[in-house]
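Hi everyone, thanks for coming. Let me put the structure up, and then I'll talk you through a few pieces of it.

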Amino acid sequence: MAAPLRSVFMAVLARDMRLAWSQGGTGTMALSFFLIAVTLFAFGVGPEPQVLSRIAAGVIWVVALLACLLSLDRLYQADFEDGSLDDLALSPLGLAGVAGAKILAHWLATVLPLILITPLLGLFMHLGADGYLVLIASLMIGTPALSLIGSIGAALTVSVRRGGVLMALLVLPLYVPTLIFGVGAVDAALNMVTPMENLALLGAVSLVALVIGPIASAAALRLALE
Amino acid sequence: MHRFANPAEFNRLADRILPWSLAIMAGAFAAGLYLALFASPPDYQQGDSVRIMYVHVPAAWMAMFTYMVMAGASFTALVWRHPLADLAGKAAAPIGATFTALALVTGSLWGKPMWGTYWEWDGRMTSVLVLFFLYLGYMAVWQSMDDEAKAGRAASILALVGVANIPIIKFSVDWWNTLHQPASVMRMGGPTIDGTMLWPLLIMALAYKAYFVTVFLWRMKLEINRRKLSVLSQAEVYG
């Protein structure tokens, strides 16, 4: 029983990751958005290194969060519209398992590349040298919560035309703790304080999201499929 | 509980409660506002600005209480499929959003003379602001779907996810920044606030609660009638 379940999970995962990086996928777009939006902040607040380095961690986190949000709004919608979600719902994984696979695929294919280019953006934003490692660690620990919580929003708005704005309204308030602890960790490191408390809390938020995310997403998808 | 799934039964119950809640609301508002605005002493530090507190604190309490009502209704709607439960959530949400907005506005008016600023990113103010956004999201889900039954269940899922998150948001925001006074009424070891100020506050809290019950029941009845009307008009068209 375990082997086929795992292979179904891997199949959904591989399919979604391929889709994210095929033509019209969200992978490259989220990455470009991330780059451009961070640069906009430099134009907005001016090029003084002191100002930029003060806000670097916050800007990178906020833009990563928005890039994640933008790439999530069609997480289920395309499959819902062409009917493949009905097929997936019948798979032995159950909807919660399918949601889990799709969330993991989103994180691996769309969010992980964002994290990998943050050192470059840190350079643009004059991030302090002590911040780099913690920034990457905090993104690694915190962004799964963004994908998981965002998945609930995407599932709730799957049948709503132009649901992206609605999804932002639903999901952004729930992103507050992740953002606070994520930026808190980097600021702590820059002030020569241990970031471990913030990182531990960030991990806790992600674990709570891991429990709630797939189940709530499945409940919302079931509603749309009725 | 399922006895009141029958709308007629519910309406009868509501009609029995409404005169009482209206009377309590009118009496408590009259007494509470008189005590709060005229009879109670000005604070030795805050002067007359302390009177804002009598409007502000009950609004903040009700903002959280109403979300709990909404969450309870959502849970009932999802688990027992109680037909009136999602309507109860829908009826409660705008009232809660209004209480939340009132708490924010009065808090900000109080903050100007006391803290010297209308808005401060203090922990509690920020978490009430986030609560306001959660209310907006809940109401937006109701508006976004044509199918009422589906909208109700989607909104219920969102309300429950929100409930799981409220403690986390509250904690994270408190951790982030804190300027607001610590709780002084509901805490271990009894209130630290003097009786001449506590009584007007409690009477105002009662008035707010009676207001909530009254408007909530009105809105429930309105929703039920609206649903009846739409069923009747559909019957006329398709019948």
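Predicted model: local features only at pLDDT ≥ 70, side-chain atom pairs only at ≥ 80, totals over all residues.

Residues are numbered from 1 along each chain as its sequence is written, while chains are lettered from A and ligands numbered from 1 in the order in which they are written.

Let's start where the chains touch. On chain B, 22 residues are in contact with 19 residues of chain A; contact here is C-beta atoms, placed from the backbone, within 7 Å. Which elements of chain B give two or more residues to that side? They are α4 (123–144) and α5 (148–176), and α5(B) gives the most, with 13 residues. Helices, by the way, are DSSP runs of H or I, at least four residues, numbered from the N terminus.

Now α5(B) itself. This helix has 29 residues and reaches 39 Å from first C-alpha to last, close to the 42 Å expected at 1.5 Å a residue, where the span is 1.5 Å times one less than the residue count.

Finally, A:Gly27, in helix α2 (residues 26–45) of chain A. Buried or exposed? A:Gly27 counts as buried because it has 21 C-beta neighbours inside 10 Å; the cut-off for buried is 20 or more other C-beta atoms within 10 Å, with C-beta atoms placed from the backbone. Beyond four places in sequence, its contacts include A:Trp21 and A:Pro113.

How values were computed. Contact = placed C-beta atoms within 7 Å. Buried ≥ 20, exposed ≤ 12 C-beta atoms within 10 Å, placed from the backbone.
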